[in-house]
Every structure is written in C-alpha cells, then in structure tokens.
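Hello,

Here is the structure I promised to pass on. Please have a look, then read my notes below.

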Amino acid sequence: MPDNLPELRDIHLPTEGVSAFPPAYGWYVILVTLIVLLLLVRLFLYLRLKSKKRYAMRLINAFPSDNIEAAAQMSLILRRICVLKYKNAAALFGDKWIDFLNSHTKKKISPQAAALLNDAPYISRNSNKFKSQDVAELRKFCIEWIGENL
C-alpha cells in the first residue's frame, strides 16, 4: 500500500469570519413588508377614527334645527362619544356634565344652549320654553366639540 500521507495537507480555517453585510435580498423583502404593514395599520386606524367623526357629524346635521327632539338627540350623541372616549364622563349630569363639555373644548357653550342640553330629553315636543336659535347654537357647539374630541 502506497504512502499517501505526504500529499495530505493540514486544514486551514478562514482568518476572517463570514460577514453579515450586505444582507441577503430576503431580509430587505421582510423589512419592506414590515414597514408597509405598519403604514397600513396606521392608515386603517386613522380612517376608522375619521369615520366615527364623519358619522357623528352626519347624525348631528340630519336633525331639523327647530325641533326640541333634535336637541335631545344631540345630547344622546355627545353621551355616546363620551362612552367611547371618556368612560368616566358618561355618568355625569347637570352642571357637572356642562363643565366637563366646556373643559374639553376651546369655545364654551352658551347658557341657553347648556340649559337646553340639560333639559331637552325631559321637555315635551310642544313646549315653547326654548327657541330654534338655541337649538342652532347647540348644534354649532356639538359640531365644534365633536371636531375637537374625535
């Protein structure tokens, strides 16, 4: 048997390690996919928030402006928004409710509109206690409040 050992050489390890850069194309695809997903989630959340605001504005504008029942519905819409956004404020009533609304907006509600907001759910439809101007003022306040808080 011939002696083959002189032809064998020692194993030489590489002097430098394998570099991680530049990364393979697959990592770029994963990174771009994650960024696109993040942007899509943010867009979805933004559109969902805007759709709530548009829905509330559409409800506010759907009521006739000279009707006491419209004021009661506006009060209900403000309550629904508070259930959504400010959980502890949904149980407020009277002056505390008005103070809460005023504390979350730049323009304060007028005293006539505040009285209408408090009393509207309990007033009969035939009552002449409030004017249509008060309902229009309340509508204006509700639109501004919803615009600032949703």
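Val135 is found in helix α5 (helices are DSSP runs of H or I, at least four residues, and strands are runs of E, at least two, numbered from the N terminus). This is a predicted model: local features need pLDDT of at least 70, side-chain atom pairs count only at pLDDT 80 or more, and totals for chains, interfaces and linings use all residues. Residues are numbered from 1 along each chain as its sequence is written, and side-chain values use heavy atoms, with hydrogens and water left out.

Val135 counts as buried because its relative accessibility is 1% (buried is under 20% relative accessible area, exposed over 50%, partly exposed in between, with a 1.4 Å probe and protein chains only). Its C-alpha atom is separated by 6.9 Å from that of Ala113, 22 residues apart along the chain.

**Helix α4**

Ala113 is one of the buried residues of α4 (residues 111-119); the others are Ala114, Leu116 and Leu117. They sit on the same side of α4, because they cover an arc of only 160° around the axis (taken from the directions from the helix axis to the C-beta atoms). Their cover includes α2 (68-85), α3 (95-103) and α5 (132-149).

**α1 against α5**

The axes of α1 (residues 25-62) and α5 come within 10 Å and cross at roughly 180° (axes are lines fitted to C-alpha atoms, for helices over the stretch in contact; angles run from 0 to 180 degrees between N-to-C directions). The two helices are therefore roughly antiparallel (over 145 degrees; under 35 is roughly parallel, 65 to 115 roughly perpendicular, the rest oblique).

Lys53, Ala56, Met57, Ile60 and Asn61 in α1 meet Arg139, Cys142, Ile143, Ile146 and Gly147 in α5 (contact means heavy atoms within 4.5 Å). Leaving aside neighbours within four places in sequence, Ile146 also contacts Ile77, Leu78 and Ile81.

**The core**

The largest nonpolar core has 33 residues (a set of buried Ala, Val, Leu, Ile, Met, Phe, Trp, Tyr and Cys residues joined through side-chain atoms within 4.5 Å). Leu138, Trp145 and Ile146 touch the most other members. Two or more residues each come from α1, α2, α3, α4 and α5. The largest share, eight residues, is from α2.

**Phe100**

Phe100 is in α3. It is buried, at 11% relative accessible area. Beyond neighbours within four places in sequence, Phe100 contacts Cys82, Tyr86, Ala89, Leu92 and Trp145. C-alpha to C-alpha, Phe100 and Ala89 are 7.4 Å apart.

Best wishes
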